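Subject: Structure handover

Hello,

Here is the structure I promised to pass on.

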Amino acid sequence: MIEHASTEREIADCYDVMAELRPHIPREQFLPLVRSMQADGYHLACIRDRGRVVAVAGYRFGTNLFAGRHLYVDDLVTADSERSKGHGRELLAWLRKLAVERGCDLIRRGRSSQAVRRAIQAARQTNRLAILSEWIDTVDQDSSALRLDE
């Protein structure tokens with residue numbers, strides 16, 4: 001079941017999974033940073049399995065001339081130990097439903113998706129970063145958004 005992380009405890013529970021995607025954020029800065037972002041419209045949602053957070057999504061709603069009313073996904077990550085169990089797919093389906101309910105025309109994503117992060121790690125091991133950079137730019141230009149009417 002997907003739940004919003006809104007209390008200090010719920011937000012803190014999301015740290016270990018979020019740190020897999022955002023390792024540059026120290027634990028002691030996570031709660032104040034999320035609270036600051038929440039004041040600007042950021043939402044944090046998670047999936048728990050047996051009480052433990054296994055997947056996290058950070059998102060916000062926005063409206064601009066470029067995209068109209070949209071849901072922007074800042075963060076989407078599943079714990080390494082929980083991958084390929086459908087948690088990411090479940091979060092994405094939930095986000096899509098939420099976007100439709102809120103009258104959004106589009107879901108946009110940030111550049112730091114798990115697939116891109118894993119591809120970068122693999123490319124570093126094989127010294128193929130130049131080729132990967134071109135691929136990331138192409139993917140980001142072509143599929144960084146999902147039109148909800150499609």
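The protein exposes about 8,900 Å², and carbon and sulfur atoms supply 51% of that area. Accessible areas here come from the Shrake-Rupley method with a 1.4 Å probe, and for residues only the protein chains shown count as cover.

Some ground rules. This is a predicted model, in which local features need pLDDT of at least 70 and side-chain atom pairs count only at pLDDT 80 or more, while totals for chains, interfaces and linings use all residues. Residues are numbered from 1 along each chain as its sequence is written, and side-chain values use heavy atoms, with hydrogens and water left out.

Overall layout

The protein has six helices and six strands. Helices (H or I, at least four residues) and strands (E, at least two) are DSSP runs, numbered from the N terminus. Read from that end, the order of elements is β-α-α-α-β-β-β-α-β-α-α-β.

Of the 150 residues, 37% count as buried. Buried means under 20% relative accessible area, exposed means over 50%, and partly exposed lies in between (1.4 Å probe, protein chains only).

A contact means heavy atoms within 4.5 Å. Among contacts with a separation of 6 or more, 62% are between residues 24 or more positions apart.

Strand pairing

Two strands pair if DSSP finds at least two bridges between them. Strand S1 (residues 2–4) pairs with strand S2 (residues 43–49) in the antiparallel sense, over three bridges. In this pairing, Ile-2 of the protein stands opposite Ile-47 in S2.

S2 is also joined to S3 by seven bridges, and these two strands run antiparallel. Asp-49 has Arg-52 in S3 as its bridge partner. The hairpin of S2 and S3 has two residues between the strands, and Arg-50 in this hairpin takes a positive phi near 55°.

Is Asp-75 buried or exposed? Asp-75 is buried, because its relative accessible area is 7%. This residue lies in strand S4 (residues 68–78). Leaving aside residues up to four places away in sequence, Asp-75 touches Met-18, Leu-21, Arg-22, Tyr-42, Val-56, Ala-57 and Gly-58.

Two of those neighbours also make polar contacts with Asp-75, side chain to side chain: Arg-22 at 2.8 Å and Tyr-42 at 2.6 Å. A polar contact is a pair of N or O atoms within 3.5 Å; within protein, one must be able to donate a hydrogen and the other to accept it, and residues adjacent in sequence count only if both atoms are side-chain atoms.

Glu-82 sits in the loop between S4 and helix H4 (87–101). Glu-82 counts as buried because its relative accessibility is 6%. With residues up to four places away in sequence not counted, Glu-82 touches Asp-49, Arg-52, Val-54 and His-87. The side chains of Glu-82 and Arg-52 make a polar contact of 2.8 Å.

Salt bridges

Side chains of opposite charge can pair when their charged atoms come close. A salt bridge is a side-chain nitrogen of Lys or Arg within 4 Å of a carboxyl oxygen of Asp or Glu. By this rule there are twelve salt bridges.

Arg-52 and Glu-82 form one of them, with their closest N and O atoms 2.8 Å apart. The pair links distant parts of the chain, 30 residues apart: Arg-52 is in strand S3 (residues 52–64) and Glu-82 is in the loop between S4 and H4. Arg-52 is partly exposed, because its relative accessible area is 41%.

Arg-60 forms a salt bridge with Asp-74, and the closest N and O atoms are 3.0 Å apart. Here too distant parts of the chain are linked, with Arg-60 in strand S3 and Asp-74 in strand S4, 14 residues apart. Arg-60 is partly exposed at 22% relative accessibility, whereas Asp-74 counts as buried at 19%.

Arg-27 and Asp-16 meet through their side chains in a salt bridge (2.5 Å, N to O). Arg-27 is in helix H3 (residues 27–39) and Asp-16 in helix H2 (residues 15–21), eleven residues apart. Arg-27 is partly exposed at 48% relative accessible area, and Asp-16 is partly exposed at 48% relative accessibility.

Glu-3, Arg-9, Asp-13 and Arg-48 are linked in a network of salt bridges.

Regards
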